[in-house]
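Please find below a note on the structure under review. The points are meant to be read beside the sequence and the model.

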Amino acid sequence: MKANLSVKLAVSCAFAAGIAFASTASADEALQGGKIGYAMTHKNWAVYQTPDGKAECPNGMNDGPREQFDKLYPREKKHTYVETQLEREGEVWVPEKTAEKHGLPFYEPQGKIGIGLNLDGKVGAEDFTSPDGKVTGIDNQIYRAFGCVASYRGPDGSYRHFVQSYMQQFKYNRFLLELTGVDDLANDPDVTVTIYRGRDALLLDSAGNFIPGGTQRADHRWGKDFIKSTKGKIVEGVLTTTPIDVYIPETLARGAPKQFVRDWRIEVRVTEEGGEGLMGGYLDIERLQNNLAQNWATHFRSYGQESIPSEYRSFIRNADAYPGEDGKNAFISSAWQIKFKQAFIMHPPQAVASGAPGKSEAVQAAARE
Amino acid sequence: MRETFTSVLRGTALACVFALASCSGPAADSVADSKAAPAAVASATPEMQGTPKRLRALTQEQYLNTLTYVFGPDIQVNPNFPPAQRTEGLLALGSGRGGVSSAQLELYQKAAVTVAQMVVDEDRRTFLLTCTPKDPKTADAACASQFFAHVGRLVHRRPLTKIELSEYVEEAGNAANSLKDFYRGLAVSIEAMLISPDVLFVVETSEPDPRNKDQQRLDGYSLATRLALYLWNAAPDDELLRAAEKGELHTPKGRVKQIDRMLASPRLEKGMRAFFDDMFAFDSFAALSKDAMMYPVFTGVTATDAREETLRVAIDHLITKNRDYRDLYTTRETFISPRLAAVYKLPAPPTWSRYTFPENSPRAGIVTHISFLAVHAHSVRSSPTMRGKALRELLLCQPVPPPPANVDFSALENPKATLKTTRDRVDFHLENPVCAGCHKITDPMGLSLENFDGIGAYRETEKGQKIDASGTLDGKAFTDAVGLGKALRDHPALPSCLVKRAFAYGTGSPTTNTDRPLLAHFTTKFGEEGYKLPALLRTITMSEAFSRVAEPKTSPTPAKTANAPSAPAVAANTK
């Protein structure tokens with residue numbers, strides 16, 4: 001604890017002095033004073049795929065904006081501008097008004113195999129089982145919406161491509177994890193996990209690969225919404241966290257800069273070099289639809305054959321948590337496959353260890369019961 | 001017309017370059033009155049014959065620094081001048097050797113064209129030109145003359161002769177009339193001026209020393225240029241040229257005034273960065289590459305930043321803080337960038353920051369910087385031999401003989417599997433009498449840096465075996481790199497090597513055995529003054545040895561092409 005304080009003081013000193021800083025911490029270690037930081041380098045929706053996709057998507061991939069437009073408005077017929085382009089553009093933003101009136105097909109993944117976390121601790125009828133059969137009750141219903149959309153499938157789906165590309169290009173989407181109170185990175189029953197938005201570019205090698213050892217300044221000014229702490233434990237190198245409600249930065253911040261996630265938690269194998277695993281939680285389907293529409297222009301969606309009106313209807317069908325005032329579920333279980341690289345996290349003075357430990361509404365509700 | 005004019009100048013340049021060894025002046029009497037010298041003038045300086053007059057090419061940095069002074073910092077060109085050949089430990093000494101190829105002339109011309117166009121650019125001409133033509137569509141000899149007299153003096157490092165000035169004005173006028181544009185005409189002559197051999201090459205000229213019979217000294221303008229290139233890595237400024245013009249640089253009072261002004265100027269930083277970049281052989285960074293698989297964290301930016309780190313520390317320590325030179329090898333103060341921090345495994349703000357390695361850090365002194373450790377290592381591994389050799393040669397001025405032509409590397413390249421560490425492998429050198437002769441003076445030093453891998457990242461083990469970083473330096477034993485730094489700091493050759501390099505760099509001449517008493521005197525004075533670099537620079541530049549010209553052993557015919565006239569003669573011509 002004493003060494004940890006030294007590091008914090010040193011870093012604080014750096015900010016206080018403008019550009020100068022000094023450290024009494026021993027160098028050449030990623031885990032210093034019980035603290036280690038990580039910067040997210042990969043974030044992909046957890047989509048289970050077989051090599052040819054026929055098992056989970058027997059009907060093939062879904063149509064995107066261009067294919068649907070051609071089907072809705074055949075070129076041999078005459079259409080007005082209002083009846084075609086304006087109507088379809090409007091449906092992206094107000095998909096609930098369109099219902100299924102067009103009768104366009106949308107194929108959701110079949111089968112019981114999926115990737116993700118068991119968010120509610122139960123094994124439900126719609127839940128998935130991990131490919132190796134070891135994990136049951138996986139809550140990842142958003143896979144139903146995304147699993148047969150080319151954009152979200154690896155290795156080079158359009159969404160996946162741009163998410164990774166923008167991870168390199170932009171700083172806004174920097175997602176940091178800071179672990180404090182770590183005695184042993186292999187096994188520690190009690191660590192504190194704080195998330196921040198970072199302000200700096202990720203460290204790359206000469207081939208453009210992410211590498212550990214970079215420095216990230218935690219955004220304590222404009223990124224306060226992102227700062228949240230929770231408890232975690234490390235068992236045989238795997239860190240799991242207690243669920244909390246958080247905001248995570250969006251990959252693109254064209255319109256909607258952050259995504260609200262309920263019962264967010266991670267299950268990540270951590271080392272001094274980085275981490276890899278899963279992140280899960282429940283997403284507000286209205287906000288998710290709005291974020292997708294605002295942040296990802298039609299050309300992105302066209303490349304990846306992604307129809308937001310069709311996806312939205314899938315969100316509604318598969319939403320599985322947190323009913324709204326109308327009694328219908330308003331949130332959908334989600335999972336991401338994530339990777340981190342170790343990074344030193346710097347804080348301005350008097351801002352360390354901010355973000356009080358939080359609890360998700362589910363945890364609070366469970367406590368009340 | 002332009003081509004013709006340029007060709008003439010090209011021819012002149014080549015003629016001058018190949019006459020390099022011939023630029024000598026007549027023997028004569030002496031001038032300076034050392035009786036009136038301030039204390040700073042080394043009146044007790046041992047007698048020395050002086051250094052030869054040099055003809056050397058301006059380096060790219062000197063060319064650009066001069067343009068920045070004359071035309072401002074927004075005149076940005078990247079001329080890619082070829083580097084000089086390292087000679088006697090310094091590139092500065094190599095700039096006086098070799099010829100000029102046609103490809104090199106093309107580079108000079110390309111740079112000159114770019115600069116000329118920028119100077120007459122509509123956005124700049126209003127403040128870079130000292131006058132406005134009566135009619136921008138025709139020649140204006142009065143305006144052109146005013147411009148070239150002003151700018152020509154600064155880039156030629158002396159006033160233009162009447163002939164030179166009239167040539168520039170005439171060619172600018174001819175081009176202006178042909179092109180119907182005064183400014184484009186002016187650009188033609190600016191281009192010609194910037195590739196003039198008198199601009200691109202420093203031709204030192206001498207005059208009789210009125211105080212010392214039968215001895216020569218640099219004339220005022222050559223001395224001004226030598227001072228400016230040494231201390232600022234640029235041509236003399238207006239004030240220094242004025243001092244040269246008035247003959248003040250040959251009076252102790254006048255010279256010390258100018259030297260103190262130059263030492264106090266922020267431009268000293270650029271001058272000393274160039275010196276240490278040269279002394280530390282940092283031109284090696286241009287060819288530095290590390291295996292990306294082995295060292296993914298090391299990129300081109302890392303290399304650039306590593307060079308910058310050490311230069312920043314040198315300038316901060318020696319100039320800004322005016323500290324003991326020897327402490328440069330033990331100081332824990334440094335500067336780090338985010339890229340360097342990734343190798344040092346430290347947090348760092350996004351810009352350059354001061355940083356102090358803690359007392360328990362394995363790093364102290366510039367020898368433990370990434371720069372030194374990475375440059376003197378292989379692309380995939382460390383090298384105690386390369387590091388030890390560099391320490392000897394660069395910092396202690398002790399040349400290490402090259403390996404014999406028939407050296408057998410097999411024992412090192414294909415070592416026994418049982419040999420885990422680099423120490424195990426290089427110990428072979430010391431067992432083999434053929435190798436041991438040289439390796440015993442390099443390896444024991446280099447092995448103390450084995451806690452740092454091929455890019456300078458810290459490590460405690462190699463292939464699972466704990467690294468033994470003990471070493472010795474001329475009988476002094478130590479256990480790690482910090483101990484090496486202390487041993488270096490206390491080594492008598494460390495300050496004397498700096499003195500040797502500083503004198504050779506400043507005069508552009510390799511030192512010889514006959515210079516030993518002088519260098520010993522400088523070293524003693526350096527110590528008496530606390531091993532402070534500015535004091536050493538003052539001692540050297542104030543010494544008679546700095547301006548005295550050695551008599552050539554033979555008397556070749558003096559080159560008559562581009563030699564500058566003596567200061568009074570030029571002044572008369574331009575009146």
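The points that follow concern the interface between the chains, a helix pair, the salt bridges and the backbone.

1. The structure is a predicted model, and the remarks below should be read accordingly.

2. Extent of the interface. The size of an interface is often expressed as the accessible area that is lost when the parts come together. Here chain B and chain A bury about 2000 Å² between them, with carbon and sulfur atoms giving 62% of that area. In chain B, the residues that lose the most area to chain A are B:Lys345, B:Pro347 and B:Arg354, which together account for 24% of what that side buries. In terms of contacts, 27 residues of chain B touch 23 residues of chain A.

3. Which charged pairings link the two chains?

4. Elements on the chain B side. Helix H15 (338–344) and strand S6 (353–356) of chain B are the elements that give two or more residues to the side touching chain A. The largest share, five residues, comes from H15(B). By class, this side of chain B comprises 18 nonpolar, five polar and four charged residues.

5. A helix pair within chain B. The axes of helix H2 (residues 60–71) and helix H6 (residues 141–156) of chain B come within 10 Å and cross at roughly 150°. The crossing of H2(B) past H6(B) is right-handed. From H2(B), B:Thr66, B:Tyr69, B:Val70 and B:Phe71 meet B:Phe147, B:Val151, B:Leu154 and B:Val155 of H6(B). This contact has seven nonpolar residues, one polar residue and no charged residues.

6. Salt bridges. Over all chains, the rule gives 43 salt bridges. One of them joins A:Lys35 to A:Glu178, with the closest N and O atoms 3.7 Å apart. Because A:Lys35 lies in the loop between helix H1 (2–16) and strand S1 (36–45) of chain A, and A:Glu178 in strand S2 (residues 175–180) of chain A, the pair ties together parts that are 143 residues apart in sequence.

7. Backbone geometry. Most residues other than glycine have a negative phi, and most peptide bonds are trans. The peptide bond from A:Gly154 to A:Pro155 is cis, with omega near 0°; A:Pro155 lies in the loop between helix H4 (142–146) and helix H5 (158–169) of chain A. B:Arg157, although not a glycine, has a positive phi of about 70°. B:Arg157 is placed in the loop between H6 and helix H7 (162–179) of chain B.

Key:
Residues numbered from 1 in each chain as written. Chains lettered and ligands numbered in written order. Predicted model: local features only at pLDDT ≥ 70, side-chain atom pairs only at ≥ 80, totals over all residues. Heavy atoms only, no water. Contact = heavy atoms within 4.5 Å. Buried area = accessible area lost by both parts, 1.4 Å probe. Helix = DSSP H or I, 4+ residues; strand = E, 2+ residues; numbered from the N terminus. Nonpolar A, V, L, I, M, F, W, Y, C, P; charged D, E, K, R; others polar. Axes fitted to C-alpha atoms, helices over the stretch in contact; angles between N-to-C directions. Left-handed = near helix turned anticlockwise from the far one by under 90°. Salt bridge = Lys/Arg side-chain N within 4 Å of Asp/Glu carboxyl O.
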